[in-house]
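Subject: Structure for you to look at

Hello,

Here is the structure I promised to send. Please open it first, then read my notes below.

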Amino acid sequence: MKKFIVPLLFSIFSASASAAVVTLNFEGIASNAPVNNFYNGGAGGNYGVQFGSTALGIIDSDAGGTAPIANEPSPNTALAFTTLSGVSNPYLTVATGFDTGFSFFYSSSQAASTYLYDGVDGTGNLLGSLTLVAQSAGNGCAGDPNGRFCNWSQVGLSFNGVAKSIYFGETLNFTVFDNVTLGANLTAVPPPVPEPETYALLLAGLGLIGFSVRRRKASQEYA
Ligand SMILES: [Ca+2]
Ligand SMILES: [Ca+2]
Ligand SMILES: [Ca+2]
């Protein structure tokens with residue numbers, strides 16, 4: 001039994017120690033409002049994630065907004081990098097950095113790439129890039145109940161080093177994003193310390209696991 005429980009304990013607690021992963025779902029941002037500092041001490045939380053001034057929250061037109069989206073991974077608000085009055089500022093910046101990886105869902109009417117840098121606002125060294133494909137927006141779409149941008153894909157990137165920004169300049173006005181997940185060690189966020197209740201729950205869970213292992217063994221003996 002010890003043989004099973006010790007690795008299990010280790011994986012549970014090491015997962016807790018490096019659980020500073022944040023997924024941004026953009027819910028709570030007003031229709032066509034800049035994301036700006038929503039996740040940098042704003043109403044969305046303090047994750048140190050700052051968006052460029054022309055990155056907007058967009059809300060499904062079926063849910064009171066104006067965006068032609070459907071099937072978004074977390075209804076009903078998504079993200080788009082736009083051009084406003086000829087200006088674009090298509091960055092996501094984490095000044096204190098994040099590491100390990102990032103991923104997001106997207107729906108796009110044209111192919112594009114996004115680029116990861118170790119400096120803020122697309123400066124410094126290129127750490128990696130992600131290629132987005134053009135999807136069949138508007139063709140054969142079914143949704144909730146409608147929206148041209150209804151086919152979503154998830155893409156992700158693992159990288160070495162510490163990243164400070166992602167450049168989305170090729171996606172302007174053609175691509176919508178949702179559920180953007182950043183880092184296994186987003187350094188802006190202090191690692192969570194499990195509450196005493198969490199330990200109690202974990203131990204209770206382990207007790208149950210031990211019990212089911214015992215039961216399986218017992219039933220095998222009688223099989
Ligand atoms: Ca819709
Ligand atoms: Ca969402
Ligand atoms: Ca929707």
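The notes below go from the overall fold to single residues, and end with confidence.

First, the ground rules. This is a predicted model, in which local features need pLDDT of at least 70, side-chain atom pairs count only at pLDDT 80 or more, and totals for chains, interfaces and linings use all residues. Residues are numbered from 1 along each chain as its sequence is written, while chains are lettered from A and ligands numbered from 1 in the order in which they are written.

Overall fold

The chain has two helices and 11 strands. Helices (H or I, at least four residues) and strands (E, at least two) are DSSP runs, numbered from the N terminus. Along the sequence the order is α-β-β-β-β-β-β-β-β-β-β-β-α. The chain has 223 residues, and 32% of them are buried. Buried means that 20 or more other C-beta atoms lie within 10 Å of the residue's own; exposed means 12 or fewer; partly exposed is in between, with C-beta atoms placed from the backbone. Take the contacts with a separation of 6 or more: 75% of them link residues 24 or more positions apart. Two residues are in contact if their C-beta atoms, placed from the backbone, lie within 7 Å.

Strand pairing

Two strands pair if DSSP finds at least two bridges between them. Strand β8 (residues 112-117) has two partners to look at. β8 runs antiparallel to β9 (residues 126-132), with six bridges between them. Y115 is bridged to S129 in β9. β8 also runs antiparallel to β10 (residues 153-167), here with three bridges. On that side, Y117 stands opposite S165.

There is also a hairpin. β3 and β4 form it, with two residues between them. β3 covers residues 39-42 and β4 residues 45-51; the pairing is antiparallel, over three bridges. G42 has G45 of β4 as its bridge partner.

The core

The largest nonpolar core has 45 residues, of which I58, A78, L79, V176, F177 and L182 touch the most other members. β1, β4, β5, β6, β7 (91-108), β8, β10 and β11 (175-182) each supply at least two of the core residues. β7 gives the most, with eight. A nonpolar core here is a set of buried Ala, Val, Leu, Ile, Met, Phe, Trp, Tyr and Cys residues joined through C-beta atoms within 7 Å. In soluble globular proteins, nonpolar side chains tend to be buried together.

Two residues are worth a click. Leaving out residues up to four places away in sequence, F177 touches A78, L79, F104, F105 and Y106. The other is A80, in strand β6. A80 counts as buried because 24 other C-beta atoms lie within 10 Å. What does A80 contact, leaving aside neighbours within four places in sequence? L56, I58, T175 and V176. A80 and V176 are 96 residues apart in sequence, yet their C-alpha atoms are 4.9 Å apart in space.

Most residues other than glycine have a negative phi, and most peptide bonds are trans.

- P75 to N76: the peptide bond is cis, with omega near 0 degrees. N76 lies in the loop between β5 (55-59) and β6 (77-81).
- D144 to P145: this peptide bond is cis, with omega about -5 degrees. P145 is in the loop between β9 and β10.
- F26: phi is positive, near 70 degrees. F26 sits in the loop between β1 (22-24) and β2 (33-34). F26 is buried, because 26 other C-beta atoms lie within 10 Å.
- N71: phi is positive, about 65 degrees. N71 is in the loop between β5 and β6. N71 has 18 C-beta neighbours inside 10 Å, so N71 counts as partly exposed.

Confidence

pLDDT is the predictor's confidence in each residue, from 0 to 100. The chain's mean is 82, and 73% of residues reach 70 or more. Residues 4-18 have pLDDT below 50, and this stretch has 10 contacts in the model beyond near neighbours in sequence. Residues 206-223 also stay under 50, with six contacts beyond four places in sequence.

Best wishes
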